Amino acid sequence: MSEQRILIVEDERAVARGLEYGLREAGFTVFWAATGKQAYQLVLSSAPHLVLLDIRLPDMSGFDLCRQLRSEGRRLPILIVTARDEEVDKILGLELGADDYVVKPYSLREVISRIRALLRRAYGELSAAAPDQPLHFGPFTIDVDRLQLTRDGRPIDLTPMEFRLLRHLALHAERPCSRDSLIEAVWGYDSDIGNDRTVDVHIRHLRTKLEDDPATPRWLVTVRGAGYMLTVR
Ligand code: CA
C-alpha cells in the first residue's frame, strides 16, 4: 500500500490529537471523527484501511458502529479502544467483528504496533510488486484496497480468511499454489488454525460463492499433487 489511511474515532479532542500526531509521525495518513455519524461518513468518503474506534461516543456506541459496518459487508480492520476491562468481555462476546482491542490507558507504541499487525494481516505484504490496484478475472474484481470482491459490480460476501486466500491465489494466478504456501499467506507461520484441512474447507466455501457449479469449478481449480490454482483466462 502506498498510503495507509487510518480513521480515528474519538470524541475527546485531546486524546484524538495525541493519536493523530503519533500516527502521522509513524507515516500514516490520518482522519479524525468525533462522532459515530461523522465516522460513518468518513468511512464512505475516505475509504480508510483501518478504524481505531472508541467505544464511548456521544451519538452512538462504538459497538453499534462496528456492527453497522460489518452488516454492510465492510471488512476493514477495526481496532477497538475501550476504557475499561469489563468491556473487553463484551467485545469478545458479542462477535461484533472487531479485529482487536486496546484498553485505556495504552501507549502510543502499543497502538501503532497493533495497527501495523492488523494491516499486515488484512492486506498482506503489499509492495510495488503487488500494487493495490484492483485485480480482475472473468466477471470478478478483487479490490485489495477495500477488501472487497465483486461480480459484475455486485459485492460478494467473503470472510476475511476467504478474502486473503483468494487474493493470494489471484496474485499467483495461473500458477498452482501449494496448501503450505496458502497456509503461510493466509494464517502466517505461527498459526495453530491453518492446516491442509482448513485450506480445503475455505476453498470449498469460496467455490460455492464464486462458481456457477462448485462441483466442476471454472475458476478455482484443483491441481493434482500441487494444490489449488486460480485460472483467469
Ligand atoms: Ca469517548
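Predicted model: local features only at pLDDT ≥ 70, side-chain atom pairs only at ≥ 80, totals over all residues.
**Stop 1: the whole chain**

Stay zoomed out for a moment. The chain has 233 residues, and 45% of them count as buried. Now think about which parts of the chain meet. Take the contacts between residues at least 6 apart in sequence: 56% of these join residues at least 24 apart.

**Stop 2**

D11 and R56 link distant parts of the chain, being 45 residues apart. You'll find D11 in the loop between β1 (5-9) and α1 (13-25), while R56 sits in the loop between β3 (50-54) and α3 (62-71).

Are D11 and R56 buried, partly exposed or exposed? D11 has 32% relative accessibility, so it counts as partly exposed. R56 comes out at 42%, so it is partly exposed too.

**Stop 3: helix α7**

Next, select residues 179-187, which make up helix α7. Highlight L182, I183, V186 and W187: these are the helix's buried residues. Turn the model until you look down the axis of α7. The buried residues fall within an arc of 100°, so they line one face of the helix. Here's some background: an α-helix has 3.6 residues a turn, so residues three or four places apart point the same way. What covers the buried residues of α7? Show α6 (160-171), α8 (196-210) and β11 (227-230), which are among the elements that do.

**Stop 4: A226**

Now click on A226, in the loop between β10 (220-223) and β11. Its relative accessibility is 30%, so A226 counts as partly exposed. Leaving out residues up to four places away in sequence, A226 touches P176, C177, S178 and R179.

**Stop 5: a pocket**

Finish by selecting V43, R74, L76, R146 and Q148. Out of the 14 residues that line the second largest pocket, these lie nearest its centre. The pocket's volume is about 230 Å³. What classes of residue make up its lining? There are seven nonpolar, two polar and five charged residues.

Note on methods. Residues numbered from 1 in each chain as written. Heavy atoms only, no water. Buried < 20%, exposed > 50% of the residue type's maximum accessible area, 1.4 Å probe, protein only. Helix = DSSP H or I, 4+ residues; strand = E, 2+ residues; numbered from the N terminus. Arc of directions from axis to C-beta. Contact = heavy atoms within 4.5 Å. 1 Å grid on protein atoms, 1.4 Å probe; cavity = no way out; pocket = protein on both sides within 12 Å on 5 of 7 lines; lining within 4 Å. Points joined across faces, edges and corners; volume = space filled by probe spheres on them. Nonpolar A, V, L, I, M, F, W, Y, C, P; charged D, E, K, R; others polar.
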